Amino acid sequence: MIYNYLKEHDTATTEVLSEITGASLATIRRDLNQMHQQGKILKKYGGAQYIPPEKKPISRLDGEEIPEIYADKDAIARLAAELIQDHNTIFLGAGKVCSLIARYIRDRKGVTVVTTNIDAVLELAQSKNAKILLLGGDVNIQDNFIETIGEFTTDMLRNFYFDKVFINIDGVDLIAGYSIVNRLHLPLYHYLLDNSKQFFLTVDKSKFNKRHFVHLCNLDRIRNVIINASTDARFIQYYKQNGINIYLAPDRR
(Lines give C-alpha, C1' and ligand atoms only; values in the text may rest on other atoms or scores of the structure.)
Protein backbone atom coordinates (compact mmCIF):
# COMPACT_ATOMS: atom_id res chain seq x y z
CA MET A 1 0.00 0.00 0.00
CA ILE A 2 2.84 2.38 0.83
CA TYR A 3 4.65 1.67 -2.45
CA ASN A 4 1.50 2.02 -4.57
CA TYR A 5 0.57 5.30 -2.88
CA LEU A 6 4.06 6.75 -3.44
CA LYS A 7 4.04 5.52 -7.04
CA GLU A 8 0.83 7.47 -7.65
CA HIS A 9 1.59 10.60 -5.61
CA ASP A 10 5.44 10.68 -5.79
CA THR A 11 5.86 11.80 -2.14
CA ALA A 12 4.00 11.41 1.15
CA THR A 13 4.45 12.18 4.83
CA THR A 14 4.52 9.47 7.48
CA GLU A 15 1.25 10.86 8.84
CA VAL A 16 -0.52 10.43 5.50
CA LEU A 17 0.86 6.92 5.07
CA SER A 18 -0.32 6.06 8.57
CA GLU A 19 -3.83 7.26 7.76
CA ILE A 20 -4.21 5.33 4.50
CA THR A 21 -2.76 2.09 5.90
CA GLY A 22 -4.16 2.21 9.41
CA ALA A 23 -0.68 1.42 10.75
CA SER A 24 1.08 3.28 13.57
CA LEU A 25 3.73 5.90 12.86
CA ALA A 26 6.36 3.59 14.35
CA THR A 27 5.35 0.82 11.93
CA ILE A 28 5.40 3.23 8.98
CA ARG A 29 8.89 4.46 9.88
CA ARG A 30 10.13 0.88 10.20
CA ASP A 31 8.65 -0.07 6.83
CA LEU A 32 10.11 3.04 5.18
CA ASN A 33 13.55 2.23 6.57
CA GLN A 34 13.33 -1.29 5.14
CA MET A 35 12.09 -0.10 1.73
CA HIS A 36 14.80 2.57 1.64
CA GLN A 37 17.50 -0.04 2.32
CA GLN A 38 16.06 -2.18 -0.47
CA GLY A 39 16.28 0.76 -2.88
CA LYS A 40 12.52 0.82 -3.51
CA ILE A 41 11.91 4.31 -2.17
CA LEU A 42 13.90 7.29 -0.92
CA LYS A 43 13.34 8.00 2.77
CA LYS A 44 13.23 11.73 3.54
CA TYR A 45 12.76 13.68 6.73
CA GLY A 46 9.11 13.25 7.72
CA GLY A 47 8.19 10.96 4.84
CA ALA A 48 9.34 9.28 1.65
CA GLN A 49 9.66 9.70 -2.12
CA TYR A 50 9.00 7.25 -4.96
CA ILE A 51 11.97 6.05 -7.03
CA PRO A 52 11.13 4.96 -10.61
CA PRO A 53 12.20 1.36 -11.39
CA GLU A 54 14.82 2.54 -13.90
CA LYS A 55 16.59 4.50 -11.14
CA LYS A 56 18.44 1.52 -9.72
CA PRO A 57 20.73 1.93 -6.71
CA ILE A 58 24.49 1.98 -7.08
CA SER A 59 26.72 0.19 -4.60
CA ARG A 60 28.60 2.02 -1.88
CA LEU A 61 32.05 1.49 -0.45
CA ASP A 62 30.77 -0.06 2.76
CA GLY A 63 28.15 -2.30 1.21
CA GLU A 64 25.22 0.08 1.62
CA GLU A 65 23.32 1.40 -1.35
CA ILE A 66 22.47 4.87 -2.54
CA PRO A 67 19.63 5.72 -4.96
CA GLU A 68 20.70 6.64 -8.47
CA ILE A 69 19.37 10.17 -7.95
CA TYR A 70 22.40 10.77 -5.72
CA ALA A 71 24.91 9.29 -8.18
CA ASP A 72 26.30 12.69 -9.27
CA LYS A 73 26.75 13.81 -5.67
CA ASP A 74 28.32 10.48 -4.72
CA ALA A 75 30.89 10.73 -7.52
CA ILE A 76 31.92 14.21 -6.38
CA ALA A 77 32.16 13.09 -2.75
CA ARG A 78 34.44 10.17 -3.62
CA LEU A 79 36.77 12.45 -5.59
CA ALA A 80 36.79 15.09 -2.84
CA ALA A 81 37.66 12.45 -0.23
CA GLU A 82 40.77 11.53 -2.22
CA LEU A 83 42.08 15.06 -1.64
CA ILE A 84 41.94 14.74 2.14
CA GLN A 85 45.13 13.41 3.73
CA ASP A 86 46.01 12.08 7.15
CA HIS A 87 46.27 14.77 9.85
CA ASN A 88 44.45 17.40 7.76
CA THR A 89 42.21 19.92 9.52
CA ILE A 90 39.13 20.32 7.37
CA PHE A 91 35.73 21.97 7.31
CA LEU A 92 32.70 20.19 5.85
CA GLY A 93 29.66 22.24 4.95
CA ALA A 94 26.02 21.25 4.82
CA GLY A 95 24.45 19.05 2.16
CA LYS A 96 24.47 15.52 0.86
CA VAL A 97 27.88 15.75 -0.82
CA CYS A 98 29.66 16.72 2.38
CA SER A 99 27.84 14.01 4.31
CA LEU A 100 29.17 11.47 1.81
CA ILE A 101 32.68 12.95 2.00
CA ALA A 102 32.58 12.25 5.74
CA ARG A 103 31.72 8.61 5.04
CA TYR A 104 34.68 8.19 2.70
CA ILE A 105 37.32 9.60 5.09
CA ARG A 106 36.64 7.38 8.07
CA ASP A 107 40.00 5.67 7.60
CA ARG A 108 42.07 8.90 7.58
CA LYS A 109 44.42 9.04 10.56
CA GLY A 110 44.53 12.10 12.81
CA VAL A 111 42.09 14.13 10.71
CA THR A 112 40.20 16.93 12.46
CA VAL A 113 36.76 17.70 11.07
CA VAL A 114 34.88 20.90 11.93
CA THR A 115 31.36 21.03 10.54
CA THR A 116 27.80 22.30 10.76
CA ASN A 117 26.59 19.09 9.13
CA ILE A 118 24.89 16.78 11.64
CA ASP A 119 24.71 13.93 9.11
CA ALA A 120 28.48 14.19 8.60
CA VAL A 121 28.99 13.86 12.36
CA LEU A 122 26.90 10.68 12.38
CA GLU A 123 28.96 9.27 9.51
CA LEU A 124 32.23 10.02 11.29
CA ALA A 125 30.95 8.74 14.63
CA GLN A 126 31.90 5.27 13.38
CA SER A 127 35.51 6.33 12.89
CA LYS A 128 38.14 5.83 15.59
CA ASN A 129 40.57 8.11 13.74
CA ALA A 130 38.74 11.42 13.42
CA LYS A 131 38.39 14.31 15.84
CA ILE A 132 35.01 15.98 15.31
CA LEU A 133 33.78 19.44 16.26
CA LEU A 134 30.14 20.31 15.55
CA LEU A 135 29.56 24.06 15.49
CA GLY A 136 26.54 25.40 17.34
CA GLY A 137 23.51 27.22 16.01
CA ASP A 138 19.85 26.75 15.23
CA VAL A 139 18.95 23.37 13.74
CA ASN A 140 18.04 23.66 10.05
CA ILE A 141 16.27 20.57 8.68
CA GLN A 142 16.20 20.07 4.91
CA ASP A 143 15.13 17.19 2.67
CA ASN A 144 18.51 15.44 2.54
CA PHE A 145 20.54 16.97 5.37
CA ILE A 146 20.38 18.51 8.83
CA GLU A 147 22.72 21.32 9.87
CA THR A 148 23.33 23.88 12.60
CA ILE A 149 23.49 27.50 11.47
CA GLY A 150 22.95 30.91 13.05
CA GLU A 151 24.57 34.04 14.41
CA PHE A 152 26.76 32.05 16.81
CA THR A 153 28.17 29.68 14.18
CA THR A 154 30.78 32.01 12.68
CA ASP A 155 31.77 33.33 16.12
CA MET A 156 32.96 29.84 17.06
CA LEU A 157 35.37 29.84 14.10
CA ARG A 158 37.30 32.98 15.00
CA ASN A 159 40.49 31.16 16.05
CA PHE A 160 40.38 28.36 13.46
CA TYR A 161 42.38 27.97 10.26
CA PHE A 162 41.81 25.05 7.88
CA ASP A 163 43.95 23.00 5.54
CA LYS A 164 40.94 22.32 3.33
CA VAL A 165 37.34 23.52 3.21
CA PHE A 166 34.53 21.81 1.28
CA ILE A 167 31.19 23.50 0.74
CA ASN A 168 28.25 23.21 -1.61
CA ILE A 169 26.13 26.04 -2.98
CA ASP A 170 22.69 26.28 -4.58
CA GLY A 171 23.28 28.06 -7.87
CA VAL A 172 26.00 28.70 -10.46
CA ASP A 173 25.53 31.28 -13.20
CA LEU A 174 28.11 32.62 -15.66
CA ILE A 175 26.97 36.19 -15.04
CA ALA A 176 25.53 36.15 -11.51
CA GLY A 177 28.29 33.91 -10.09
CA TYR A 178 27.67 31.66 -7.07
CA SER A 179 24.47 32.02 -5.08
CA ILE A 180 22.86 30.43 -2.04
CA VAL A 181 19.34 30.17 -0.66
CA ASN A 182 20.02 30.70 3.05
CA ARG A 183 21.49 34.12 3.88
CA LEU A 184 22.76 32.77 7.22
CA HIS A 185 25.46 30.90 5.30
CA LEU A 186 26.94 34.11 3.90
CA PRO A 187 29.17 35.23 6.84
CA LEU A 188 30.22 31.61 7.45
CA TYR A 189 31.34 31.04 3.86
CA HIS A 190 33.09 34.41 3.65
CA TYR A 191 35.07 33.60 6.79
CA LEU A 192 36.04 30.20 5.40
CA LEU A 193 37.15 31.73 2.11
CA ASP A 194 39.58 33.95 4.00
CA ASN A 195 40.83 31.36 6.50
CA SER A 196 41.77 28.23 4.61
CA LYS A 197 44.76 27.05 2.59
CA GLN A 198 42.51 25.42 0.02
CA PHE A 199 38.82 26.14 -0.49
CA PHE A 200 36.91 23.60 -2.58
CA LEU A 201 33.48 24.03 -4.08
CA THR A 202 31.71 20.67 -4.43
CA VAL A 203 28.73 21.18 -6.72
CA ASP A 204 26.86 18.68 -8.88
CA LYS A 205 25.69 19.48 -12.40
CA SER A 206 22.07 20.14 -11.37
CA LYS A 207 23.13 23.43 -9.71
CA PHE A 208 24.50 25.04 -12.88
CA ASN A 209 22.58 27.67 -14.87
CA LYS A 210 20.67 28.60 -11.72
CA ARG A 211 20.55 31.78 -9.66
CA HIS A 212 19.24 32.09 -6.10
CA PHE A 213 18.41 34.75 -3.54
CA VAL A 214 21.82 35.50 -1.99
CA HIS A 215 24.95 36.27 -4.02
CA LEU A 216 28.00 34.57 -2.52
CA CYS A 217 30.82 35.64 -4.84
CA ASN A 218 31.95 35.78 -8.46
CA LEU A 219 33.07 32.61 -10.21
CA ASP A 220 36.75 33.58 -10.17
CA ARG A 221 36.80 34.01 -6.36
CA ILE A 222 36.86 30.24 -5.67
CA ARG A 223 39.95 28.63 -7.17
CA ASN A 224 39.13 24.93 -6.74
CA VAL A 225 35.94 23.28 -8.01
CA ILE A 226 34.92 19.62 -7.91
CA ILE A 227 32.18 19.00 -10.46
CA ASN A 228 30.72 16.26 -12.63
CA ALA A 229 32.48 15.53 -15.92
CA SER A 230 29.15 16.02 -17.74
CA THR A 231 28.62 19.55 -16.37
CA ASP A 232 27.64 22.19 -18.95
CA ALA A 233 30.76 22.61 -21.10
CA ARG A 234 30.54 26.41 -21.00
CA PHE A 235 31.39 26.40 -17.30
CA ILE A 236 34.26 23.96 -17.74
CA GLN A 237 35.62 26.23 -20.47
CA TYR A 238 35.26 29.28 -18.21
CA TYR A 239 37.16 27.57 -15.40
CA LYS A 240 39.98 26.56 -17.72
CA GLN A 241 40.27 30.01 -19.27
CA ASN A 242 40.46 31.63 -15.83
CA GLY A 243 43.07 29.29 -14.35
CA ILE A 244 40.65 27.69 -11.87
CA ASN A 245 41.57 24.17 -10.75
CA ILE A 246 38.92 21.72 -11.98
CA TYR A 247 38.45 18.24 -10.57
CA LEU A 248 36.09 16.27 -12.80
CA ALA A 249 34.18 13.45 -11.15
CA PRO A 250 33.44 10.68 -13.70
CA ASP A 251 29.84 9.83 -14.44
CA ARG A 252 28.67 6.56 -12.89
CA ARG A 253 26.98 4.11 -15.21
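Which backbone nitrogen does the side chain of Thr154 reach? In this predicted model, the side chain of Thr154 comes to 3.5 Å from the backbone nitrogen of Leu188. Thr154 itself sits in the loop that links E10 and E11. With a relative accessibility of 7%, Thr154 counts as buried, because the cut-off for that label is anything under 20%. Leaving aside residues up to four places away in sequence, Thr154 touches Pro187, Leu188 and Tyr191.

That brings us to helix H7, which spans residues 185-194. Here the buried residues are His185, Leu188, Tyr189, Tyr191, Leu192 and Leu193. A bit of helix geometry is handy at this point: an α-helix has 3.6 residues a turn, so residues three or four places apart point the same way. The buried residues of H7 pack against a whole set of strands, namely E6 (89-92), E10 (146-149), E11 (162-167), E13 (177-180), E14 (196-202) and E15 (214-217).

Elsewhere, two helices pack against each other. Such a pair is described by the angle between the axes and the distance between them. For H4 (residues 71-82) and H5 (residues 96-104), the angle is about 45° and the axes lie 8 Å apart. This angle is why H4 is called oblique to H5. The crossing of the two helices, H4 and H5, is right-handed. On the H4 side, the contact is made by Lys73, Asp74, Ile76, Ala77, Arg78, Ala80 and Ala81, while H5 brings in Lys96, Val97, Leu100, Ile101 and Tyr104. Sorted by class, the contact of H4 with H5 has eight nonpolar residues and four charged ones, with no polar residues.

Technical notes
Residues are numbered from 1 along each chain as its sequence is written. This is a predicted model: local features need pLDDT of at least 70, side-chain atom pairs count only at pLDDT 80 or more; totals for chains, interfaces and linings use all residues. Side-chain values use heavy atoms; hydrogens and water are left out. Buried means under 20% relative accessible area, exposed over 50%, partly exposed in between (1.4 Å probe, protein chains only). Helices (H or I, at least four residues) and strands (E, at least two) are DSSP runs, numbered from the N terminus. Contact means heavy atoms within 4.5 Å. Axes are lines fitted to C-alpha atoms, for helices over the stretch in contact, and angles run from 0 to 180 degrees between N-to-C directions. Angles under 35 degrees count as roughly parallel, over 145 as roughly antiparallel, 65 to 115 as roughly perpendicular and the rest as oblique. A crossing is left-handed if the near helix is turned anticlockwise from the far one by less than a right angle, and right-handed if clockwise. Ala, Val, Leu, Ile, Met, Phe, Trp, Tyr, Cys and Pro count as nonpolar, Asp, Glu, Lys and Arg as charged, and the others, Gly among them, as polar. A polar contact is a pair of N or O atoms within 3.5 Å; within protein, one must be able to donate a hydrogen and the other to accept it, and residues adjacent in sequence count only if both atoms are side-chain atoms.
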